[in-house]
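Look at the sequence and the model together before reading on. The paragraphs below start with the whole of one chain and then turn to its parts.

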Amino acid sequence: MTLPEEAYAVALASVPSIGPSTLRDLLADDAPSAAWSRTVGASGSVRHVARIWERHTELGIGVLMAGHPSWPARLLDDPGAPAIVFCLGDPRALDRAPTVALVGTRSPTRYGIGVAAQLGADLAAAGVSVVSGLALGIDGAAHEGACGAGAPPIGVVAGGLDDPYPRRHTRLWERVAEHGVVVSESPAGVRTEKWRFPVRNRLLAALSDVVVVVESRHHGGSRHTVDAAMARGIAVGAVPGSIRSATSEGTNALLADGAFPVCCAGDILVALSLAGAPAPAPSPSVHGARPQRPAPVTGEDRRVYDALSPDPTSLDELARLTGLDLPSLCGALERLARAGQAVDTGGWWQRE
Amino acid sequence: MLAAIASATLRGTMGSPVSVEVHVSTGLPGFTIVGLPDAAVREARDRVRAAFLSSGLSWPMRRITCNLAPSGMRKGGAGLDLPIAVGLLVATGEVDAASTQGLAFCGELGLNGSLRHVPGMIALADATAPRGLVVPLCDAREAALVRGGDVHGAANLGDLARVLRGQAPWPEPPPPSRAPSSAHEPDLADVRGQAVGRRALEVAAAGRHHLLMIGPPGSGKTMLAERLAGLLPPLTPDEALTVTRIHSAAGCSLPDGTLFHRPPFRAPHHQASVVSLVGGGSWSLRPGEVSLATSGVLFLDELGEFPVAALEALRQPLEEGVIRVSRAGGTVTFPAAFLLVAAMNPCPCGEGVYEGACTCSAVARARYRRRISAPLLDRFDLVVPLSRPDPDELLSGVPGESSTAVAVRVAAARARAAARPVPERGPDLAPDADALLGSKLRSGALSARGLHKVSQVARTVADLAGEDAVSFAQVAEALSLRAGRAAVVS
């Protein structure tokens, strides 16, 4: 039985004590089969290698190796590039279009989710691939927006490609693989361990032309991605947020440190030097250029509408501001909601 | 010589008649008690002997056998001390058997001969009717609540012996129960702001809707909950007797030693065990917190911290208004028709209601939410999100509406609901209100059960407003009074 060299590389990557950097050192000088027999020796049977290889081919997991023609151009002269990358979907998507990473906190506000989805959709429509980590929160929202149409989305994940993580994003994971590609440094069967996330963030930055942080706490995980991007001289942008929101502390600090402000997809296109490219339709919610719905005119509804703000306000606060009793207030809010002028977020109301 | 004295023992909230037979004969001096006594009853031997000697009565140096009939039923508690002692007095000829005819005895003896309080006096008084009842002086008033005049109190064994011998009259009957003094309940006027919280309390009280409050620490959840009992109408005479009987059986002290006339408020700590909540124990079967809260309010603060088993045990009482406690020795059914008020934080850090302020991980939040099962959450008609009150409102010093004013509206709404014939299908909704509910159902924002609950709450809101048909605004309010579900349902 003859196995391709990739099979030995996959088997080496599957050895628990061999991490990405050890693997890179091992494969720097030797061919994978030679490295395999040198490190694992006679105890590593060919049958074991074949079993791992079969599992990957059965699952449809592609293998990219440094030095091969299919190796993504973006990783060619990356200082910390991995030796092997696994992928689900079309790996050519990695080099097809300019790429922008949209990253952020896993517990975002409605604002953050909205902005991430809008930026994702606008960038994809403008022919820019959205790179993200498929995590809960901002990452997921960005890809939800980007999966619609346009440039192929790129998901960069930490664990093995056979086990979607987080589970809640299984469907999104499949859609990204279908329209674009999901890549990982971990072979199938590897659990998503904690140390793999910062490592993943390095690959995520390496695959991106620009990194944009949508919403991030002071010590959020996005910091790793930003550090990796700055080490590579990749431009970093941040979406400004409320100074009162803990989830915008990180992004506001980035802006203070010199990240370029991102208020719409156009700002990112400028950073990509694509400003002359076919510009996407101005994103309404991000630009504030939304067609204004006529404000309600009747007395109570108008009073309630005026008391609402773009930030969620509690019913107590609204009752205090308007001086209305609860049935009248709730009735007015429901009417505003029906007219698309107010929205309820779990008992808190905001202007739509 | 043989004597038979009537008494009773407590099981659950009911008394069972017991006949205490005492036999004194020649033989080796000794004292045995038979008839399935528990440890407390067996220890009566030492208490009775010491009480005899302290009271100047002679202790028979003969063989004493005491049987508690019916022999097949277990008997517990120290309340059988007194009938055993009286039985001995009769059996030894110290007291004429005729003087105990038509009398039953319940009471615990101290070593100095004094008579002490026994729990469950109301149930015991019921079980010993129609005989006259002799009880410790301190319990005479409680027993008289259900028995009236034929209850005698006695301070100690020596006095009782003199009365039974005809050497002294019965001690003065205890003074009749005073008119209930105005109970001290916390007033809603102390709460500043919190329009939604206040309204939720009012609706909960008027429609008997269970209420869950979700808010950060310091938003006044506990303060509000403590004021709910004050909004409920006073107990009816039947309810009062049931509530008093349960408290008496649980050994709780009664307000002013008389009947409860205000709904009870019970707030067990979140480390409460299942047994302490639903009732139980080996076989005396003490009522639990859910029964002590019957006709009143059960407040579970920090709902998410209660043991899951304890919360799930609440489902039967919430559904049926009773709790059945089964043990090897039998099953007891306790009343448990309470109004449930619970409070919890939106997430472990408590800041989850404020967007962007929560520092919990998504996993921690999901785990916290899972502690409240969907079936339990479904029992809450009202789930309100609370936020910290506005500082200006807090410091303004303007008192809120008082409990008395709200209670008047609650009573009127209840009367209105009671007078209305049960509608065949749902409450009478205005067309636009009906359309609002329909659109919520179609958009998936409401389940079928949710729709039913919202229309029930809207009905209560309309009753509070004194209106026959439910309006659009009232349905909108009912919807917002369960908006907090979004915080606990992911």
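**Chain B and its contacts**

Among contacts in chain B between residues at least 6 apart in sequence, 74% join residues at least 24 apart; two residues are in contact if their C-beta atoms, placed from the backbone, lie within 7 Å. This is a predicted model, in which local features need pLDDT of at least 70, side-chain atom pairs count only at pLDDT 80 or more, and totals for chains, interfaces and linings use all residues. Residues are numbered from 1 along each chain as its sequence is written, while chains are lettered from A and ligands numbered from 1 in the order in which they are written.

Chain B has 21 helices and 18 strands. Here helices (H or I, at least four residues) and strands (E, at least two) are DSSP runs, numbered from the N terminus. Along the principal axes, the C-alpha atoms of chain B fill a box of roughly 90 × 50 × 45 Å. The domain assignment divides chain B into domain 1 (2–164), domain 2 (188–419) and domain 3 (421–490); such bounds come from an automatic or database domain assignment. Between the C-alpha centres of domain 1 and domain 3 of chain B there are 59 Å.

Of the 490 residues in chain B, 50% are buried, where buried requires 20 or more other C-beta atoms within 10 Å of the residue's own, C-beta atoms being placed from the backbone. The largest nonpolar core has 163 residues, and B:Ala85, B:Ala204, B:Val297, B:Val341, B:Leu382 and B:Val475 touch the most other members. A nonpolar core is a set of buried Ala, Val, Leu, Ile, Met, Phe, Trp, Tyr and Cys residues joined through C-beta atoms within 7 Å. Leaving aside neighbours within four places in sequence, the contacts of B:Val341 include B:Ala204, B:Val297 and B:Phe299.

How do two of the helices pack, and at what angle? Helix H7 (residues 195–207) and helix H19 (residues 448–465), both of chain B, pack at about 95°, with their axes 9 Å apart. H7(B) is therefore roughly perpendicular to H19(B), a label for angles of 65 to 115 degrees. Among the residues that meet are B:Glu202 and B:Val203 in H7(B) and B:Gln456 and B:Val457 in H19(B).

Chain B also touches chain A: 26 residues of chain B are in contact with 25 residues of chain A. On the chain B side, H7, helix H20 (472–480) and helix H21 (485–488) each give two or more residues. H20(B) gives the largest share, six residues.

Note on methods
Axes fitted to C-alpha atoms, helices over the stretch in contact; angles between N-to-C directions. Parallel < 35°, antiparallel > 145°, perpendicular 65-115°, else oblique. Buried ≥ 20, exposed ≤ 12 C-beta atoms within 10 Å, placed from the backbone.
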